[in-house]
Amino acid sequence: TFIKDYPAAKRVARSILESEDIPLRHRGINEYNLAMVHKMCNEREEAKKHLIEAALIDLSTSTKEYNSLYDLAKILRDEGDTERACRYMLQTLNDAIFCNYKDHYQRSAGASRVIYQIYEHESNLKKRRQNQLFTSLIILLLTTLILLAVQQVYSRKVKKANNLLKVSNLQ
């Protein structure tokens, strides 16, 4: 059975990371593992910090399985940073395709789905903004027309009142 001793898992991962003779690739794996523990503990910022470290290590080595970059992209997407999330998803997708990793087809499909969701969200957001702008312009135009009509009515009344005053002054 799986025991959820997250504090112990954090201690072990941190002790490994504090070791100076750990190879860079293993450091990346441990950064990723520590990020996943933080994620399970709902410690989003700590998870993001370790995913960034793991992704940087993956990018600096010959590693072509960017699990850290993929998970970081999902967090960024959830936080609304869709531009970077999309770039990171595309990187993981391109590398999976380039390396022809059979194990990464599912992740590639997931990345494609996330990229589409980001695009769809951005597209819907753009449409909503355009609709809001259009609605605001229509309201502004109608308000201007109403104010012009009211001004016209008052202008006629003032002109009529002035004419009545001239007539009464002449008498």
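This is a predicted model: local features need pLDDT of at least 70, side-chain atom pairs count only at pLDDT 80 or more; totals for chains, interfaces and linings use all residues.
View 1. Thr82 belongs to helix α5, which covers residues 82-99. Its relative accessible area is 11%, so Thr82 counts as buried, the limit being under 20%. Apart from neighbours within four places in sequence, Thr82 is in contact with Ile118, His121 and Glu122.

**View 2. A nonpolar patch on the surface.** The patch is formed by Phe134, Ile138, Leu141, Leu142, Leu145, Ile146, Leu148, Val150 and Tyr154. Together these residues have about 900 Å² of accessible area. One of them, Ile138, lies in helix α6 (residues 105-170). Ile138 is partly exposed, with a relative accessibility of 35%.

View 3. Glu45 pairs with Lys48 in a salt bridge, and their closest N and O atoms are 3.7 Å apart. Because Glu45 and Lys48 are three residues apart in helix α3 (residues 44-60), about one helical turn separates them. Glu45 is exposed at 53% relative accessibility, whereas Lys48 is buried at 15%. A salt bridge also joins the side chains of Glu46 and Lys49, at 3.6 Å from N to O. Glu46 and Lys49 are likewise three residues apart in helix α3. Glu46 is partly exposed at 30%, and Lys49 is partly exposed at 45%.

View 4. The side chains of Asp81 and Arg84 form a salt bridge with an N to O distance of 2.7 Å. Asp81 has a relative accessible area of 24% and is partly exposed; Arg84, at 33%, is also partly exposed. The model has eleven salt bridges.

Key
Residues are numbered from 1 along each chain as its sequence is written. Side-chain values use heavy atoms; hydrogens and water are left out. Helices (H or I, at least four residues) and strands (E, at least two) are DSSP runs, numbered from the N terminus. Buried means under 20% relative accessible area, exposed over 50%, partly exposed in between (1.4 Å probe, protein chains only). Contact means heavy atoms within 4.5 Å. Patches are made of residues with over 30% relative accessible area and no salt bridge: like charges are joined within 9 Å, nonpolar side chains (Val, Leu, Ile, Met, Phe, Trp, Tyr) within 5 Å. Accessible areas come from the Shrake-Rupley method with a 1.4 Å probe; for residues, only the protein chains shown count as cover. A salt bridge is a side-chain nitrogen of Lys or Arg within 4 Å of a carboxyl oxygen of Asp or Glu.
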